[in-house]
Amino acid sequence: MRSVGQLVALARLTALEAVRQPVVLLLAAACVVATGLVPMLLMHNLGEPGRMARDGGLAFHLTFGVLIAGYASCSTLARERSAGTAATVLSKSVSRRVFFLAKFCGVTVVVLWFSLAAGASTLLAERIAEKFHQSSELVGYATDWRTARWLLAAPAGAFALAGALNLRGRPFQSVAFLLLAVGPLAVLAAAGCFNQAGAWSPYDLRVDWRLLPATILVTAALPCFAAIALALSTRLPMAPTMTGCVLVLLAGLLSAHVLGPWASRNALFAAVSGFVPDWQVFWRADDLAGGGRIAAAELLRALAYGAAYAVGALCVGCALFERTEVNG
Amino acid sequence: MNDFDSQSPTPPVVELRHVTKVFRDFWRRPKVVAVSDLSIEVRRGEVFGLLGPNGSGKSTTIKTILGLLHASAGEVRVFGRPAGHTGTLARVGYLPEESYLYRYLTARETLDFYARLFGLDAALRRRRTEELLRLVGLQQAANRPVGEFSKGMSRRIGLAQALINDPDLVILDEPTAGLDPVGCRQVKDLIRDLAAQGKTVILSSHLLADVEHVCSRIAILFNGTLRAEGGVRELLVNRDLVRFTVPCADPALAGRMAAWLREQCGSEPAVDNPSMNLESFFLDVVQRAGEGTTGAPARGASRP
């Protein structure tokens, strides 16, 4: 029971420390802004502005999410080890396993909150993109400029409100990070009152809900990546851990192409291919082309893969951290 | 000196048996032998001083006792269990050499966080937090982030977190570093109070006066090896000399006594007036200033 309390206290602190770092806030804000700009700045959309907006949104979600997960994981463990705070905590009756898992839980909370902002922004970006509408209320091409303005104003509003609350003693970074997800969600809810041409209409969110499973899959990749980053940072300082994370990410993106053809013929390549995380599992945006959907079975399979990989990485991390010397 | 006395009256709180700690480089080659064949034991109620110059292995020894570092050879036991056992650590309080704190938390949040790690309930957490803030004199700064604290204030909050669980064994690594003389005296008084409550204190310092004032036993490390160990009085007493302190203000009487001693001993005795140490004098001045005592600044012989 005490372990659960320790886990909660440490995870809460990890999340708090992560969101109070300006880098995390800037990355999250950049993701929302970039996602909002994609449908507005498309020059050559090849007749598929909706697809480009959602692919762009998902790509930003994955890219910025990986950066946040990697940075938060490395900074929370590698930096605590070098800064000595880990030594202070581990000199209490906290097992290393609880400490390590709490770090993962804290980072996961942060990336899930970020994913709320990124996911809502992607749904809105797809709605904003210029498309041909044929409904009882709107016929013809329309770009949802009103929603676009609101979406771009959301991060600015979050920063302004956090600044105002900072006057009353609330920490700016963490409040701004929390509001960053609230903003796009509020825009999503408010945009339901208008159609894409900006006219009042009966309440309907008018978003492509087929995007939701794709967003969930991208979100699932982030804790998986965080688990790998944490496992690496049990033994390595921050810079080598970040380098290792980049290599794991690239290896995972390339493994299907580089190792795939050899895996069926060579046991070693098959083993390496199985060991390297297959990020393609989490990228199913192509399934949405031409009105397609992500099958529930595919979604569950990918989530199971992500969970299994994260658990595996956490087990390795726990085993490594158990014997790690904490000499801060 | 190094082997344990199995007939000792109380079981040792901390036992180190032939402990060696070797730090290795990336290729696992030995880099530094931080501690070499160290055997010491600390018993209940003792204030044990770990002395040595920088790099002598004091902090490594402490981290090995806490299980943060693993001994390359030998055995470390705390309360009869292997070092690092979580059940044992629940009875230990540790103040690191630097106060490693979460800079975004306030002083009150910091203590509450560490209290949570020990599973204290909400009411007890609040009570302990307020008690310790009062004890270390940080009530006024309770809601300030510890990242904004001066070094002395960081040491104070570090000391408070070390005591949050009312530990039976308190390990203090350079506890007076960065503290002003008033803070140093408070820490030393606190250590004496802890010892009076039957708690065991391990104190690492290279400020010899601090150690001499509070420790009952000391060990001196140099280059990772034990060079001396024993009771402070035993180690420091010079049995070849005798000192008399006599309430005698008459110089003529003092001169006659000196002449008699010279005649009896055949050598010149040292005769002088005992002086208080600088710390006591400083605290006396500060205390009187704090009480609002007016008058000329204390100078040399004008001191009462």
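The legends below describe close-up views of a predicted model.

Local features are given where pLDDT is at least 70 and side-chain atom pairs count only at pLDDT 80 or more, while totals for chains, interfaces and linings use all residues. Residues are numbered from 1 along each chain as its sequence is written, and chains are lettered from A and ligands numbered from 1 in the order in which they are written.

**View 1. The six-stranded sheet of chain B.**
Chain B holds an open sheet of 6 strands in the order 6-7-8-3-9-10, with mixed pairing. Strands (E, at least two residues) and helices (H or I, at least four) are DSSP runs numbered from the N terminus, and two strands pair if DSSP finds at least two bridges between them. Strand 6 (92–95) and strand 10 (225–231) of chain B are the edge strands, each pairing on one side only. From one strand to the next the twist averages 15 degrees.

**View 2. Strand 7 of chain B and its two partners.**
Strand 7 (residues 169–173) of chain B pairs with strand 6 of chain B in the parallel sense over 4 bridges. In this pair, G93(B) stands opposite V170(B) and L95(B) opposite L172(B). Strand 7 of chain B also pairs in the parallel sense with strand 8 of chain B, over 5 bridges, and here I171(B) stands opposite I202(B). The chain passes from strand 7 through helix 6 to strand 8 of chain B in a right-handed β-α-β crossover (with the strands pointing away from the viewer, the path from the first strand over the helix to the second runs clockwise).

**View 3. Burial of strand 7 of chain B.**
L169(B), I171(B) and D173(B) point one way from the strand, V170(B) and L172(B) point the other way, and all are buried. A residue is buried if 20 or more other C-beta atoms, placed from the backbone, lie within 10 Å of its own. Because 5 of the 5 residues of strand 7 of chain B are buried, the strand is largely enclosed by the rest of the structure.

Helix 6 (residues 181–196) of chain B lies across strand 3 (47–51), strand 7 and strand 8 (200–205) of chain B, and runs at about 150 degrees to strand 8 of chain B. Angles run from 0 to 180 degrees between N-to-C directions, with axes fitted to C-alpha atoms, for helices over the stretch in contact.

**View 4. The four-stranded sheet of chain B.**
An open sheet of 4 strands in chain B has the order 2-1-4-5 and antiparallel pairing. Its edge strands are strand 2 (30–43) and strand 5 (81–82) of chain B. Strand 1 (residues 12–24) and strand 4 (residues 73–78) of chain B run antiparallel and are joined by 5 bridges. V14(B) stands opposite V78(B) in strand 4 of chain B.

**View 5. The contact of chain B with chain A.**
The contact takes 23 residues from chain B and 25 residues from chain A, where two residues are in contact if their C-beta atoms, placed from the backbone, lie within 7 Å. On the side of chain B that touches chain A, helix 2 (86–89), strand 6 and helix 3 (107–117) of chain B each give two or more residues. Helix 3 of chain B gives the most, with 4 residues.

**View 6. A helix pair in chain A.**
Helix 6 (residues 145–166) and helix 7 (residues 172–191) of chain A pack at an angle of about 145 degrees, with their axes 8 Å apart.

Technical notes: A residue is buried if 20 or more other C-beta atoms lie within 10 Å of its own, exposed if 12 or fewer, and partly exposed in between; C-beta atoms are placed from the backbone.
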